[in-house]
Structures are given as structure tokens and as C-alpha cells.
Amino acid sequence: MTDGASAESLLGHILTKQEGERLIANPSEFARFGRLLGSRVNVEAIFADFKTQFYKLKFVSLKLAFEPRREFLAQLKKWFEYNLEGPVVIDLAVDPSIIGGAVIICNDHYKDFSIAKRFDFLLLASKRHQI
């Protein structure tokens, strides 16, 4: 990154809501994050702009059964940004009880693609046939 670093360019490196909130809660960590990205500009000014812009982003709530690697999250973020036509941040939750798949909330739409949901459906169907 060059001297043209901005809150927008830093936002592009944030994958999860938790990362962004951690940076907002801890300005010294934000300054370290900015330096790691090569920013040589006024970190305080970028921090103020970052806080304002962060909560204006689209958030995609994503529940997975496992803790994903950063590369996996980056690919998911790209997919959501392409399909939602704008920058997004993933609000990540890990819940092993869903077994596999994902539960997604986006733009007030809830989709449960979890394996646990399919097991529940199969269990209910098998109980109906036993009666």
C-alpha cells in the first residue's frame, strides 16, 4: 500500500465483523494493522473514517460448523461481494451442532443449508413412516 492508504483500502482487508470490531475497540491495534499494510498517513484520521464506514457495510451472518481458514473466508467474501454488488463483511459464528454446511442471514433472508437441518428432516420423515 502506498501513501494513498485510506479507510476504504483498510476495510478491504477486513474479512469478519469481529475483526473490524476488535480494531475499533482497540485503536493501538488499529494503528499496528495500518502499519502492517504499509500506511504512512495519519492513522488517527483513517481510524475515525474507518469507524464511520465500517458500520455502513453490508453484513452477512454466516454460521459454520468449523473455524475456517483466512483463505476460505477471503473466497467467501469475494463471492458475496460479487453477488451482492458491493463490499461486505462476514459476521462469523462457529457452531459444531450444525454438523456441516452453513446457515446464512443476508438482507433479512435466512437460509439454512446445514446438515443438521437435513438430519432433522430425515428423522421426522422416518418417524412418520413408523406410525
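This tour moves through the structure from its sheet to the helices on it, then to the salt bridges and a surface patch.

The model is predicted: local features need pLDDT of at least 70, side-chain atom pairs count only at pLDDT 80 or more, and totals for chains, interfaces and linings use all residues. Residues are numbered from 1 along each chain as its sequence is written, and side-chain values use heavy atoms, with hydrogens and water left out.

**The sheet**

Begin with the 4 strands, which make an open sheet of mixed pairing in the order S2-S1-S3-S4. Strands (E, at least two residues) and helices (H or I, at least four) are DSSP runs numbered from the N terminus; two strands pair if DSSP finds at least two bridges between them. Select 88-94 (S2) and 109-112 (S4): these strands stand at the edges with a single partner strand each, so one side of each has no neighbour in the sheet. From one strand to the next, the twist averages 15°.

Next, display 58-64 (S1) with 102-106 (S3); the two run antiparallel and are joined by 4 bridges. Ser-61 has Ile-105 in S3 as its bridge partner.

**Helices on the sheet**

Select 70-84, helix H5, which packs on the sheet and touches S1, S2 and S3; its direction makes about 130° with that of S2. Helix H2 (residues 17-25) lies across S1 and S2, at about 105° to S2. Contact means heavy atoms within 4.5 Å; axes are lines fitted to C-alpha atoms, for helices over the stretch in contact, and angles run from 0 to 180 degrees between N-to-C directions.

**Salt bridges**

The structure holds 5 salt bridges, each a side-chain nitrogen of Lys or Arg within 4 Å of a carboxyl oxygen of Asp or Glu. In helix H2, select Glu-21 and Lys-17, whose side chains meet at 4.0 Å, N to O; being 4 residues apart, they are separated by about one helical turn.

Then show Glu-29 and Arg-22, paired at 2.8 Å, N to O. Glu-29 is buried at 16% relative accessible area, whereas Arg-22 is partly exposed at 43%. Buried means under 20%, exposed over 50%, and partly exposed in between (1.4 Å probe, protein chains only).

**The surface patch**

Finally, select Ile-99, Ile-115, Phe-119, Phe-121 and Leu-122, which make a nonpolar surface patch of about 510 Å². Patches are made of residues with over 30% relative accessible area and no salt bridge; like charges are joined within 9 Å, nonpolar side chains (Val, Leu, Ile, Met, Phe, Trp, Tyr) within 5 Å. Accessible areas come from the Shrake-Rupley method with a 1.4 Å probe; for residues, only the protein chains shown count as cover. Phe-121 lies in helix H6 (residues 115-130) and is exposed, at 58% relative accessibility.
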